[in-house]
Amino acid sequence: AVFCSCAIAACSRSDPEKAPGVAVVAPELSAATKPAPPASATSRDAETEAGPREPAHELTWSFDATEVGPMGVVVSIPEHNPGERFPVLIAFHGLGEAKKGPERGARGWLDDYWMGRALERLNRGFLVREDFLGFVEEQRLASINQGLKSRAYAGLVVVTPYTPTVIRGERPFDNAPPLARFVNDVLLPRVVRETPALVAPQATGVDGVSLGGRAAILVGLLKPERFGALGALQAAFDPEDVPEIVERARRALDENPELKLRLVSSDDDYYLGVNRAIARALRSAEVPHSLLVVPGPHAYEFNRGPGAYEMLLFHDRVLRGLPPL
């Protein structure tokens with residue numbers, strides 16, 4: 001099987017040709033489209049009795065030799081008070097960025113998918129249609145803004161590893177253990193040591209888009225005891241993968257009944273059919289999960305719009321023991 005990043009317009013079992021990405025300029029908001037900030041939003045530049053807030057910043061880590069080859073990782077740390085701790089989200093990128101190599105690929109969510117822009121808009125305390133590049137239903141937007149009004153986005157340590165192409169091909173779980181070991185035995189311990197991360201597994205999530213959604217499911221189901229939430233955006237699987245995914249999900253929930261499992265796809269995602277098939281099979285097997293289908297294509301616009309916001313909002317809440325929006 002061949003799996004596309006969100007920069008690719010169509011997939012087949014032969015190597016796909018990459019379609020040109022659509023250049024979308026991040027919109028500026030006019031005064032007329034700016035809702036009033038929610039009362040629950042707090043100043044991000046305030047100082048506390050413990051001292052000044054630590055500014056948001058990035059860490060870049062390189063691993064020259066791992067079981068899956070050289071790895072690059074970027075860690076995004078939010079602005080925070082001294083001693084403040086955050087849930088951790090491992091977020092994998094898609095195939096297009098995997099082709100750029102570990103150093104550039106690890107920056108896929110930040111440079112190609114505009115995650116920094118999404119974090120800025122979430123910290124503002126409300127979202128508008130333009131933030132989703134137009135790919136949002138009014139009811140969903142109203143629900144998100146109501147949730148942000150009642151509880152402001154609180155922040156995550158977002159860890160974006162390179163997504164290795166070794167997980168492509170048939171029988172995906174056969175090739176996944178080395179990646180799962182890297183994440184759980186090498187990467188997460190370093191995150192705990194060097195960032196303001198919460199240590200508990202229930203405060204750790206894994207997610208990703210397209211090939212990265214595939215990576216998230218593989219890693220999360222192989223090590224369910226290490227995670228509180230497992231999500232996937234437009235997960236790149238084939239129909240023949242469904243039975244093994246469901247069986248492993250059933251066993252994962254038996255091992256960790258508190259694990260939150262969510263699939264997100266879009267109405268113009270060419271993996272929508274298989275994601276719906278996974279959800280139907282999970283329901284038949286009585287495996288707790290959710291499937292959210294939003295507007296959008298399998299392309300950069302999805303990642304930069306609904307994909308980024310849905311991923312960050314989901315983990316910001318469920319990793320703190322709150323219901324998702």
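A residue counts as buried under 20% relative accessible area, as exposed over 50% and as partly exposed in between, using a 1.4 Å probe and protein chains only. By that rule Asn184 is buried, with a relative accessible area of 1%, and buried residues make up 56% of the 325 residues in the chain. Please keep in mind that this is a predicted model, in which local features need pLDDT of at least 70 and side-chain atom pairs count only at pLDDT 80 or more, while totals for chains, interfaces and linings use all residues. Residues are numbered from 1 along each chain as its sequence is written, and side-chain values use heavy atoms, with hydrogens and water left out.

**Overall layout**

- The chain's secondary structure comes to eleven helices and eight strands; these are DSSP runs numbered from the N terminus, with helices being H or I of at least four residues and strands being E of at least two.
- Among contacts (heavy atoms within 4.5 Å) with a separation of 6 or more, 76% are between residues 24 or more positions apart.

**Asn184 and its surroundings**

- Setting aside residues up to four places away in sequence, Asn184 touches Pro189, Val219, Lys223, Arg226 and Phe227.

**Aromatic pairs and a charge over a ring**

- The structure holds five aromatic pairs; rings of Phe, Tyr and Trp (its six-membered ring) pair if their centres lie within 6.5 Å, and planes under 30 degrees apart count as stacked, over 60 as edge-to-face and the rest as tilted.
- One of these pairs is Tyr113 with Tyr300, whose ring centres are 5.9 Å apart with planes at 50 degrees, so the pair is tilted.
- Tyr113 lies in the loop between helix H3 (108-112) and helix H4 (115-124) and Tyr300 in helix H11 (residues 300-318), so this pair ties together parts that are 187 residues apart in sequence.
- Tyr113 is buried at 0% relative accessible area, and Tyr300 also counts as buried, at 9%.
- Phe132 and Tyr309 form a tilted pair too, 5.0 Å centre to centre and with 40 degrees between the planes.
- Because Phe132 lies in the loop between H4 and helix H5 (138-150) and Tyr309 in helix H11, their pair ties together parts that are 177 residues apart in sequence.
- Phe132 is buried at 0%, and Tyr309 is buried at 0%.
- Trp109, Tyr113 and Tyr300 are linked by ring pairs into a cluster.
- The charged end of Arg124 sits over the ring of Phe126, 4.3 Å from its centre; this calls for CZ of Arg or NZ of Lys within 6 Å of the ring centre and within 35 degrees of the ring normal.

**Nonpolar cores**

- A nonpolar core is a set of buried Ala, Val, Leu, Ile, Met, Phe, Trp, Tyr and Cys residues joined through side-chain atoms within 4.5 Å.
- The largest core has 56 residues, of which Val159 and Ile217 touch the most other members.
- Beyond its neighbours within four places in sequence, Ile217 is in contact with residues including Phe173, Leu230, Phe237 and Leu263.
- Another core lies apart from the largest one and has 35 residues, among them Leu89, Trp109, Leu119 and Ala308.

**Helix H11**

- H11 is largely enclosed by the rest of the structure, because 19 of its 19 residues are buried.
- H11 bends by about 45 degrees at Gly307, the bend being the angle between axes fitted to the seven residues ending there and the seven starting there.

**Arg121**

- Arg121 is found in helix H4 and is buried, with a relative accessible area of 8%.
- Its C-alpha atom is separated by 7.6 Å from that of Asp131, ten residues apart along the chain.
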